[in-house]
Amino acid sequence: MKTYRIALIPGDGIGKEVIPAGRELLEALAAAHGALRFEFERFDWGGDHYRAHGAMMPADGLDALRAMDAILFGSAGDPHIPDHITLWGLRLKICQGFDQYANVRPTRILPGIDGPLKRCGPLDLDWVIVRENSEGEYSGVGGRVHPGQPIEAATDVSMMTRAGVQRIMRFAFGLAQSRPRKRLTVVTKSNAQRHAMVMWDEIALQVAAEFPDVAWDKELVDACTARMVNRPATLDTLVATNLHADILSDLAAALAGSLGIAPTANLDPERRYPSMFEPIHGSAFDIMGKGWANPIGTFWSIVMLLEHLGEAQAAQRVMQAIEHVTADAALHTRDLGGTATTEQVTRAVCARVGAAALAG
Ligand code: IPM
Ligand code: MG
């Protein structure tokens, strides 16, 4: 019997709806599996914590998470608190505090899902975007001077380090190598950004020599958006800076049918700290409390969590259950054009996980 300690951080808005759904799924998996157990600890951090205590999470919050095997995170964002506070006070604090430098965002068109790229079969769109998750445009370097004065000035410096670029390139080449097509596209903007992005390109070239069996190319980020729409099958694994990948991954999720489906892993590949898994969508206050949130993004994130824990078979079982459920249009939530509720989708996926256990 293997027991994993999972931290649950629902956060704000629909995070409070999809994370309990995720817990139900893990419990259903444990019930079906026999050799797998989960212990949960819930941390009510986010906007409400900020209103009560003046901080999104306690100062020693990272210490509480350190001993966990993984973190399942909902979303952070509150219409009454500035976005940069909710982001830097919680999600980035965990990502950067635990040096989760590889953000992994897979995209596929799941069975039964209608997306804008209808002419593509499922195999035509099978991408993984690797997002540099520790520096670049999100490094937090910058400042404001002369606040409120006509001469006010502000900077956000995109800081890139050789070590930071090298490790994300190695991770991305390694991931590309593990996938059947062994193909990596290095996304850049070195035509306009002539310092850090030129170093980015140089390091890509150097790291490529360590992975001779990976076919790789370079694409400017703007051209990459067009390629994602017009020639999706030419892409497989992509690696991009923090901000570039942030933007490309929303495009990828929309092309795959809905932001409600897309998952993310914030990984510390060296496993010094727990890694964090979360749906890509935000807190969506507009639909909060209605039971409309799509839990699939959280469920797919759980697949990534299980893969990271080395539970490949359990991960596969959950992915198959997800695909079984998305194939049924009667179980589509509103973001997919259906009327199903969070609860109905959750019940269906949990039932399938149980049924799959009985079958084999
Ligand atoms: C994401 C999100 C965040 C980001 C927001 C919530 C700040 O868009 O995870 O992609 O930009 O990193
Ligand atoms: Mg984003």
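Predicted model: local features only at pLDDT ≥ 70, side-chain atom pairs only at ≥ 80, totals over all residues.
**View 1. Asp-48 and Arg-51 form a salt bridge.**
The closest N and O atoms lie 3.0 Å apart. Both residues sit in helix α2 (residues 47-53). They are 3 residues apart, so about one helical turn separates them. Asp-48 is partly exposed, at 45% relative accessible area. Arg-51 is partly exposed too, at 47%.

**View 2. A salt bridge joins the side chains of Asp-246 and Arg-131.**
The N to O distance is 3.6 Å. This pair links distant parts of the chain, 115 residues apart. Asp-246 belongs to helix α8 (residues 242-255), and Arg-131 to strand β5 (residues 126-132). Asp-246 is partly exposed, with a relative accessibility of 24%. Arg-131 is buried, at 2%.

**View 3. Arg-227 meets Asp-217 in a salt bridge between their side chains.**
N and O are 3.0 Å apart here. Arg-227 lies in helix α7 (residues 221-230), whereas Asp-217 lies in strand β9 (residues 215-220). The pair therefore ties together parts that are 10 residues apart in sequence. Arg-227 is buried, at 7% relative accessible area. Asp-217 is partly exposed, at 26%.

**View 4. Salt bridges with shared partners build one network.**
The network contains the acidic residues Asp-99, Asp-268 and Glu-270. Arg-167 and Arg-272 are also part of this network. For the model as a whole, the count comes to 25 salt bridges.

Key. Residues numbered from 1 in each chain as written. Chains lettered and ligands numbered in written order. Heavy atoms only, no water. Salt bridge = Lys/Arg side-chain N within 4 Å of Asp/Glu carboxyl O. Helix = DSSP H or I, 4+ residues; strand = E, 2+ residues; numbered from the N terminus. Buried < 20%, exposed > 50% of the residue type's maximum accessible area, 1.4 Å probe, protein only.
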